[in-house]
Every structure is written in structure tokens, then in C-alpha cells.
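Let's take a friendly walk through a protein model. Please have the sequence and the 3D view at hand as you read.

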Amino acid sequence: MKEKQSLFSLITGNWQHFLALVVLMVIAFAVSIFAEKLASKKDLKEGKEPEKLLSIRKVSIIGVFSAIAFVLMLIEFPLPIAPSFYKFDFSDIPALVVGFAAGPFAGVMVEFIKVTLNILLQGTTSAFVGEIANFLIGASFVSVASIIYRFKKTRKNALIGCLAATLFITFAGAFLNAYFMIPAYALMFGGVENILSAGTAIYSFVDNVFTFCLFCVAPFNLVKGIVHSVITFLIYKQLSPILKAEAFGSAKKSKTVAANE
């Protein structure tokens with residue numbers, strides 16, 4: 001009961017930042033849906049039949065890869081370039097794979113389900129601010145990369161998408177921390193100084209929010225984006241025959257032919 005009251009007081013005492021992050025979550029979903037609709041119109045113009053936003057294939061892929069992403073989210077560790085409360089994990093990789101295979105909305109859904117499962121099974125120590133921020137960074141990374149790839153599915157475009165997504169989360173992550181995360185955590189943990197001191201312990205010249213985000217947060221997300229992009233490139237080629245609509249469709253056709261023989 002006390003834990004629930006404490007959580008409620010943290011949310012109400014921090015409602016402006018919490019509400020702003022929720023609005024950003026809605027925007028992340030809206031952008032991915034809008035991109036899917038634009039891509040579907042492009043497919044129709046090219047004589048292709050666009051796949052539904054949540055087809056059976058996509059729902060199946062989302063379910064399987066959300067579970068994988070959740071497990072990977074539990075395996076986290078700090079990096080020496082950032083304070084220890086910034087944890088590195090590989091849970092964005094399944095979401096990026098799904099984004100390439102089934103579109104940006106499917107990738108964002110994997111991020112959402114992953115974070116939701118984590119909250120339900122692990123709880124929250126940040127009044128949901130940390131979990132929402134985790135979703136926003138992951139969804140931003142997956143959306144940018146998969147939207148670029150969705151409009152032209154080539155290896156070159158996948159590389160451009162990953163590079164653009166990595167740069168985006170490097171800057172977006174710094175922005176989120178400066179204007180939402182750090183102020184929110186400051187209210188919970190006794191002031192900005194307590195957060196900045198963790199950065200100062202690594203880099204002596206970190207003495208304000210700007211230098212903290214520039215030298216701690218931005219490099220952390222840059223490394224995260226690069227590592228996730230490289231691993232996705234290494235594994236996607238092996239997984240794509242299973243995940244592609246063409247492979248799924250040909251499997252259905254072969255079953256139909258076999259049944260008619």
C-alpha cells in the first residue's frame with residue numbers, strides 16, 4: 001500500500017514531465033502509422049498489394065519478437081562512458097528486425113510490448129518516466145531506420161536508415177534527458193546535483209546539464225545505435241527469408257498446390 005502511495009505521489013508531483021512523455025509516445029505511434037499509409041499508397045501506385053497494418057503474419061512476428069526483446073531487456077549492463085544508471089541492453093535489435101520485415105508500426109509495437117511486459121513483471125522505480133523514455137528512444141531508432149527502408153527496400157537504404165536512426169537518437173536522447181529525464185529524476189532523487197555528480201565522477205569537466213548530456217548521454221546512445229545496427233545487419237539476412245511476406249505467401253501456395261494434387 002505504501003509503495004502504491006509513493007508511486008502515486010511521484011507521478012502527481014512530476015505530472016508535467018510524465019504527461020509530456022505520454023504525448024511523445026502517442027506521436028511515435030502516429031508517425032509510424034502515417035508512414036505506413038504513405039508507403040501503402042506508394043505500393044498501390046506501383047501495382048503492388050499492400051499488406052494490412054496488422055496482418056496475421058505481422059501479429060505473429062510482433063508476438064514472437066516482443067518476447068525475445070523482453071528477455072534481452074533483462075540482460076543489461078552499464079558502459080564505462082556513462083553513469084551506471086544508464087543501462088545498455090540489446091532489446092532494440094528484435095524491434096529493428098521486425099521494423100525491417102513488417103514495417104515501422106510493427107517495430108514500434110515490439111518496443112511498446114517489451115516495455116509494458118517489463119513494467120508488469122519488474123515494476124517501476126521511476127514513476128514510469130524511465131520506462132517511457134526507454135520506449136521513446138527505442139521507438140525513435142526503429143521508426144527512423146524502418147521508415148527509410150520501407151520506401152525502398154535495398155541494403156543501401158537499410159544502411160542509410162540505420163545511420164540516420166543512430167544520429168537521431170544521439171541528439172534526441174540528449175534532448176529528452178535535458179528537458180524531461182533529468183528534471184524528472186531530480187525531483188525523485190534530491191536534485192540535479194546528485195545526477196550530475198555521477199557524470200563528474202567519469203569526466204571532471206561535466207558540471208551542468210548541457211555537458212552531462214553532451215559527454216555522457218549522447219555517446220551512450222551513439223554506441224547503442226552503432227552496435228544495434230551492426231548486429232541487425234549481421235542477422236537480418238539469415239532471418240529475412242522466414243519473415244518476408246514473399247516467403248510466407250509462397251509457403252501458403254505450396255500447401256494449396258499439395259492439397260489439390
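## Charged partners

How many salt bridges does the count come to? The count is 8 salt bridges, and keep in mind that this is a predicted model.

Arg150 and Glu36 are both buried.

Arg150 also meets Asp43 in a salt bridge, at 2.9 Å from N to O. Because Asp43 lies in helix α2 and Arg150 in helix α6, the pair ties together parts that are 107 residues apart in sequence. Asp43 is buried, and Arg150 is too.

Now find Lys48 and Glu46, whose side chains meet in a salt bridge of 3.4 Å, N to O. Lys48 counts as partly exposed because its relative accessibility is 47%. Glu46 has a relative accessible area of 42%, so it is partly exposed.

Some salt bridges join into a network: the residues linked in it are Asp92, Glu111, Lys114 and Lys224.

## The nonpolar cores

Next, turn to the nonpolar side chains. The largest nonpolar core holds 46 residues, and those touching the most other members are Leu21, Leu96, Val98, Phe100, Phe135 and Leu136. Two or more residues come from each of α2 (15–45), α3 (56–74), α4 (92–102), α5 (104–122), α6 (129–151), α7 (155–188) and α9 (209–243). Helix α6 gives the largest share of this core, with 11 residues.

Which residues does Leu21 touch, leaving out those up to four places away in sequence? They are Val129, Ile132, Leu136, Leu176 and Phe180.

## The cysteines

How many disulfides does the count come to? The count is 0 disulfides. Take Cys216, which is in no disulfide: the nearest cysteine sulfur belongs to Cys213 and is 8.5 Å away. A disulfide would need the two sulfur atoms within 2.5 Å.

Are Cys216 and Cys162 buried or exposed? Cys216 counts as buried because its relative accessibility is 0%. Cys162 has a relative accessibility of 3%, so it counts as buried. The cut-off behind both answers is that buried means under 20% relative accessible area.

Notes: Residues are numbered from 1 along each chain as its sequence is written. This is a predicted model: local features need pLDDT of at least 70, side-chain atom pairs count only at pLDDT 80 or more; totals for chains, interfaces and linings use all residues. Side-chain values use heavy atoms; hydrogens and water are left out. A nonpolar core is a set of buried Ala, Val, Leu, Ile, Met, Phe, Trp, Tyr and Cys residues joined through side-chain atoms within 4.5 Å. Buried means under 20% relative accessible area, exposed over 50%, partly exposed in between (1.4 Å probe, protein chains only). Helices (H or I, at least four residues) and strands (E, at least two) are DSSP runs, numbered from the N terminus. Contact means heavy atoms within 4.5 Å. A salt bridge is a side-chain nitrogen of Lys or Arg within 4 Å of a carboxyl oxygen of Asp or Glu.
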